[in-house]
Amino acid sequence: MLYPRLAIRQRSLRAAGGTPRPGADCTDAGLLALRIVVGGLVAAHGLQKMTHRLGGAGLAAGAEEFRHDGFRGGRLTAVAAGSGQTGGGLLLAAGLLTPFAVGAVASVMTVAVTVKYPHGPWVQDDGYEYPLVLIASVAVTGLAGPGAWSLDRLAGIDWPASAGILGCAAGVLGGLATRRVLWRADGQPAVRDVAHNR
């Protein structure tokens with residue numbers, strides 16, 4: 001029964017002017033899984049920065065974390081970062097406005113990389129390993145597109161790979177600019193308790 005269904009699908013694709021891609025369903029499933037896991041975790045982490053949900057310590061603690069890391073802006077900075085993570089993560093998980101979602105997540109994670117860079121790469125030393133993996137993940141999503149199982153595709157939006165690349169590049173540059181603008185002149189982050197972050 002599988003062969004007739006495949007033949008029908010191939011004929012319908014040819015009639016529409018397209019060609020079937022071997023393994024297309026697996027690729028779409030992989031992109032969906034990547035979007036949901038990365039987008040969901042990023043959105044949840046953003047929510048933690050602003051609220052007491054999902055184990056978060058609330059907005060006051062989020063603002064103190066940014067001050068601790070050498071940033072000015074207090075609550076406004078925490079709200080901006082948390083909103084960028086939550087909104088970008090949700091859009092990424094849904095596969096909606098994908099280049100903008102990629103840019104939002106890449107921007108916030110680039111700031112995280114700049115904060116953690118002095119500690120080296122490894123997460124057990126509070127390094128930049130994890131945010132760098134997230135940037136790479138959204139870059140792949142931007143390059144490949146959100147896949148067939150996404151709200152972009154449902155809406156008939158087919159983003160070119162260049163849009164995803166530009167979105168990620170803009171996010172990284174925006175993150176670096178944010179670090180430069182919000183970093184205090186005397187902005188030396190306090191030494192973290194590495195043992196606490198293991």
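Arginine 67 and glutamate 64 form a salt bridge in which the closest N and O atoms are 3.2 Å apart; a salt bridge here is a side-chain nitrogen of Lys or Arg within 4 Å of a carboxyl oxygen of Asp or Glu. This is a predicted model, in which local features need pLDDT of at least 70 and side-chain atom pairs count only at pLDDT 80 or more, whereas totals for chains, interfaces and linings use all residues. Residues are numbered from 1 along each chain as its sequence is written, and side-chain values use heavy atoms, with hydrogens and water left out.

**Overall fold**

- The protein chain has eight helices and zero strands, where helices (H or I, at least four residues) and strands (E, at least two) are DSSP runs numbered from the N terminus.
- Along the sequence, the pattern of the protein chain reads α-α-α-α-α-α-α-α.
- Of the 198 residues in the protein chain, 37% count as buried; buried means under 20% relative accessible area, exposed means over 50%, and partly exposed lies in between (1.4 Å probe, protein chains only).

**Salt bridges**

- The structure holds two salt bridges.
- Arginine 67 is partly exposed because its relative accessibility is 38%, and glutamate 64 is partly exposed at a relative accessible area of 41%.
- Aspartate 126 forms a salt bridge with lysine 116, with the closest N and O atoms 2.7 Å apart.
- Aspartate 126 lies in the loop between H5 and H6 while lysine 116 lies in helix H5, so this pair ties together parts that are 10 residues apart in sequence.
- Aspartate 126 is buried, with a relative accessible area of 5%, whereas lysine 116 counts as partly exposed at 21% relative accessibility.

**Aromatic rings**

- The count comes to four aromatic pairs, where rings of Phe, Tyr and Trp (its six-membered ring) pair if their centres lie within 6.5 Å, and planes under 30 degrees apart count as stacked, over 60 as edge-to-face and the rest as tilted.
- One of the pairs joins phenylalanine 66 and phenylalanine 71 edge-to-face, at 5.9 Å centre to centre with 80 degrees between the planes.
- Both phenylalanine 66 and phenylalanine 71 are buried.
- Another pair, tyrosine 117 with tyrosine 128, is stacked, at 5.5 Å centre to centre with 20 degrees between the planes.
- Tyrosine 117 and tyrosine 128 both lie in the loop between helix H5 (98–116) and helix H6 (129–144), 11 residues apart.
- Tyrosine 117 counts as exposed at 55% relative accessibility, whereas tyrosine 128 counts as buried at 19%.
- Ring pairs link Phe66, Phe71 and Trp183 into a cluster.
- Arginine 179 lies over the face of tryptophan 183, at 3.8 Å from the ring centre; a charge sits over a ring if NZ of Lys or CZ of Arg is within 6 Å of the ring centre and within 35 degrees of the ring normal.

**Cysteines**

- The structure holds zero disulfides, a disulfide being a pair of cysteine sulfur atoms within 2.5 Å.
- Cysteine 26 counts as exposed at 63% relative accessibility, while cysteine 168 counts as buried at 10%.

**Surface patch**

- Val37, Leu41, Val123 and Tyr130 form a nonpolar patch on the surface, with about 370 Å² of accessible area together.
- Patches are made of residues with over 30% relative accessible area and no salt bridge, with like charges joined within 9 Å and nonpolar side chains (Val, Leu, Ile, Met, Phe, Trp, Tyr) within 5 Å.
- Accessible areas come from the Shrake-Rupley method with a 1.4 Å probe, and for residues only the protein chains shown count as cover.
- Valine 37 is found in helix H2 (residues 24–50).
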